[in-house]
Each structure stands twice: as C-alpha cells, then as structure tokens.
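Biologist: I would like to learn how to read a core and a sheet. Please take me through one example.

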Amino acid sequence: MIELSQQIEAYDRLRDSLETDHFGKWVVLYDEKLVGTYDSFEEAATDTVSKFGRGPYLIRQVGIGPVSLPASMLYNPVNV
C-alpha cells in the first residue's frame, strides 16, 4: 500500500507543472498519480471518497501550503 508520505512526495515532484496548469484548483493524487482536478475541496473529497474509499490519497489546493487539521477532523460526506 502506498503511504501518504509517498503521495506528498509525488505532489512535490509535480508541483511546477501543477502550479502552471492548475493553480488554485484542488487536485487529488492516488497511487502517486494525479487522478483529478476540482474547483472545490468538497467536490474533490466527495468524488475521491466514492472512487477510492478511505485512501490513502492526497487532496491539496495547488499553490497553497499544506493545511494541518487536528486528528479528530475527518471528512464525512453526507451522501456517500
């Protein structure tokens, strides 16, 4: 299984092209590959959870630094 740290490393490798082509968009990396771009976090999270379940995958806004959330914060979409 791919670890979250590997997804982050994959994002870092793609950073320049992502910032050129998708600045401000939300991107999803799964299995160290870019699998989607979205206009909002909620859209990215809902689609990603429906496709890949619990992950691990990385959802990040391009051009914005990583956000730290408390461990108690989990995305729990209502209609998934």
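The dialogue below goes from the core to the strands.

Modeller: This model is predicted, so local features need pLDDT of at least 70, side-chain atom pairs count only at pLDDT 80 or more, and totals for chains, interfaces and linings use all residues. Residues are numbered from 1 along each chain as its sequence is written, and side-chain values use heavy atoms, without hydrogens and water.

Biologist: Which residues make up the largest nonpolar core?

Modeller: In soluble globular proteins, nonpolar side chains tend to be buried together. A nonpolar core is a set of buried Ala, Val, Leu, Ile, Met, Phe, Trp, Tyr and Cys residues joined through side-chain atoms within 4.5 Å. Buried means under 20% relative accessible area, exposed over 50%, partly exposed in between (1.4 Å probe, protein chains only). Here the largest core has seven residues: Ala10, Tyr11, Leu18, Val27, Leu29, Leu58 and Val62. Helix H1 (4–22) and strand S1 (26–30) each give two or more. H1 has the largest share, three residues. Helices (H or I, at least four residues) and strands (E, at least two) are DSSP runs, numbered from the N terminus.

Biologist: How do I read the faces of strand S3?

Modeller: In a regular strand the side chains alternate between the two faces of the sheet. In S3 (residues 58–61), Leu58 and Arg60 form the covered face, Ile59 and Gln61 the uncovered one.

Biologist: With which strands does S1 pair?

Modeller: Two strands pair if DSSP finds at least two bridges between them. S1 and S3 are antiparallel over four bridges. Trp26 stands opposite Gln61 in S3. S1 also pairs with S2 (residues 33–38), antiparallel over five bridges. Leu29 has Leu34 in S2 as its bridge partner.
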